[in-house]
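Here is a short report on one protein chain. Keep the sequence and the 3D view open as you read.

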Amino acid sequence: RAVEVLALSVEQAQAALAAIRSRQEGHPAGGAPSAAVEVRIVPDTVSVALHPRPAPSPAERSAWHRVQAQPGALVTVTSLDQAPLRRVRLRVQGDGPGWGARWVRWVWARRAAPPESVGGEALAAQDTLSDDETVLTLLLLPGEKREATLEFRARLDGETWPGDYPFLVVAELPDGEAAASPVPAAAAAAGLLRLRHPTAALLDQLPALYREAMREQERMDGPAPSAEPPFFERYLRGFEDADLPLQRLLANLDRLFSPNTAPADFLPWLATWVSLVLDENWPELKRRRLIREAVELYRWRGTRRGLSRYLQIYTGIWPQIDDQPFLGMRLGPEALLGRNSVIGNVPPHTFVVTLAVSDPRSVKEQTVRAIIESEKPAHTAYALRIVRASPGGGRLAEEPGR
């Protein structure tokens with residue numbers, strides 16, 4: 001019965017919307033001036049399918065944010081006079097019973113690039129959004145047109161019911177500016193929000209006999225209320241809602257197999273696909289990059305190129321690797337061969353790895369040595385130098401020559 005009380009019929013909704021538009025377009029008698037701004041909303045009728053809030057799915061946890069389109073409308077606010085800079089406050093108010101303020105939010109505002117002499121980016125910084133995202137304040141230039149996106153996020157939460165809900169997008173001047181304005185301080189645009197139960201996809205998968213019987217019953221009983229699908233369709237929706245978590249998991253299954261989108265707790269499992277044992281002390285983004293490039297690193301394992309790339313993934317800089325670090329020597333006047341100097345004390349096949357970093361303490365030497373041990377040829381020895389990079393020095397971005 002609550003649905004019948006709160007939901008308007010199509011005829012009632014259309015009549016209410018027409019009444020709102022009539023009030024909006026009407027002009028007061030006596031030639032009073034029009035409002036300082038004009039508001040338009042496109043489209044003025046928005047349909048939203050009501051779904052319960054989904055439970056978190058493992059396949060949807062990711063380091064990256066996935067942008068999903070939401071039902072919405074484009075609201076345009078135009079300054080109609082040549083007044084100086086004017087602030088306009090946009091809000092949405094219901095024009096009937098059952099309206100929920102939590103259903104809407106402002107998410108985006110745009111302006112044509114203003115001349116630099118007017119203020120440039122400093123002008124855009126004057127736009128403000130309330131903490132609950134339901135009130136947007138824009139700064140308008142004389143004669144300027146601004147656009148903002150209004151999103152609808154109604155959900156089936158036990159307090160929201162299907163139905164047709166007229167609403168107004170109100171553009172008003174702040175209190176102090178409204179008192180000093182010689183023209184009406186507010187303008188509005190009318191819209192209609194239609195909340196509906198989603199259609200049952202299972203109906204299309206059943207034999208045609210069921211659909212034909214339901215349509216025949218509809219012809220006999222007359223059209224159903226605007227907010228209520230037939231009983232059989234609502235009955236099928238119960239099965240679909242129970243199956244929804246599995247369907248969402250399957251729809252996002254591909255995200256589990258990519259190091260870019262897999263949840264963090266899936267990374268060790270994904271690393272086993274490329275025979276890696278991840279160090280949990282590594283930052284998450286570096287572990288993702290290592291998995292992504294593991295196959296390429298295997299191709300170059302045991303070479304200077306493979307070791308350089310592995311160390312670059314961990315440290316963020318390209319190391320200097322010298323496989324001929326000692327070009328010769330000269331004994332000084334204080335050197336005595338056999339007493340304080342020896343020849344040939346360097347093991348054969350030795351190379352030197354030098355890491356020039358801004359803060360040597362930020363690099364864990366034990367981790368670097370473990371990388372070198374796993375990547376170097378078995379018959380070689382090495383020496384590791386972690387030094388502080390001089391200002392403007394060090395190889396921080398470019399890959400060394402091969």
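## Model and confidence

This is a predicted model: local features need pLDDT of at least 70, side-chain atom pairs count only at pLDDT 80 or more, and totals for chains, interfaces and linings use all residues. Residues are numbered from 1 along each chain as its sequence is written, and side-chain values use heavy atoms, with hydrogens and water left out.

pLDDT is the predictor's confidence in each residue, from 0 to 100. Its mean over the chain is 75. A value of 70 or more is reached by 71% of the residues.

## The chain as a whole

The chain holds eleven helices and 13 strands. These are DSSP runs, numbered from the N terminus: helices are H or I with at least four residues, and strands are E with at least two.

Of the 402 residues, 36% count as buried. Buried means under 20% relative accessible area, exposed means over 50%, and partly exposed is in between (1.4 Å probe, protein chains only). Residues 24 or more positions apart account for 76% of them.

## Helix α8 against α10

Find helix α8 at residues 284-292 and helix α10 at residues 304-315. Their axes come within 9 Å and cross at roughly 160°. Axes are lines fitted to C-alpha atoms, for helices over the stretch in contact, and angles run from 0 to 180 degrees between N-to-C directions. The two helices are therefore roughly antiparallel to each other. For such angles, under 35 degrees counts as roughly parallel, over 145 as roughly antiparallel, 65 to 115 as roughly perpendicular and the rest as oblique.

α8 passes α10 in a right-handed crossing. A crossing is right-handed if the near helix is turned clockwise from the far one by less than a right angle, and left-handed if anticlockwise. Which residues meet here? From α8 come K286, R289 and L290. From α10 come R309, Y310, Q312, I313, Y314 and T315. By class, the contact has four nonpolar, two polar and three charged residues. Ala, Val, Leu, Ile, Met, Phe, Trp, Tyr, Cys and Pro count as nonpolar, Asp, Glu, Lys and Arg as charged, and the others, Gly among them, as polar.

## Helix α10 against α11

α10 also packs with helix α11, residues 365-375. The angle is about 155°, with the axes 10 Å apart. That makes α10 roughly antiparallel to α11. Their crossing is right-handed.

On the α10 side, L307, Y310, L311 and Y314 take part. They meet T367, V368, I371, I372 and E375 in α11. This contact has seven nonpolar, one polar and one charged residues.

## Three buried residues

E293 lies in the loop between α8 and α9 (294-299). At 18% relative accessibility, E293 counts as buried. Not counting residues up to four places away in sequence, E293 touches R309 and I313. E240 is in helix α6, residues 231-251. Is E240 buried or exposed? At 13% relative accessibility, E240 counts as buried. Leaving aside neighbours within four places in sequence, E240 is in contact with T199, A200, A201 and L202.

P162 sits in the loop between β8 (145-152) and β9 (163-172). P162 is buried, with a relative accessible area of 1%. P162 and A49 are 113 residues apart along the chain, and their C-alpha atoms are separated by 8.8 Å.

## Backbone exceptions

Most residues other than glycine have a negative phi, and most peptide bonds are trans. The peptide bond from V42 to P43 is cis, with omega near -10°. P43 lies in the loop between β1 (37-42) and β2 (45-49).

E133 is not a glycine, yet has a positive phi of about 65°. Look for E133 in the loop between β6 (128-129) and β7 (136-140). E133 is partly exposed, at 25% relative accessible area. S275, also not a glycine, has a positive phi of about 55°. S275 is in the loop between α7 (267-271) and α8. At 59% relative accessibility, S275 counts as exposed.

Key:
Contact = heavy atoms within 4.5 Å.
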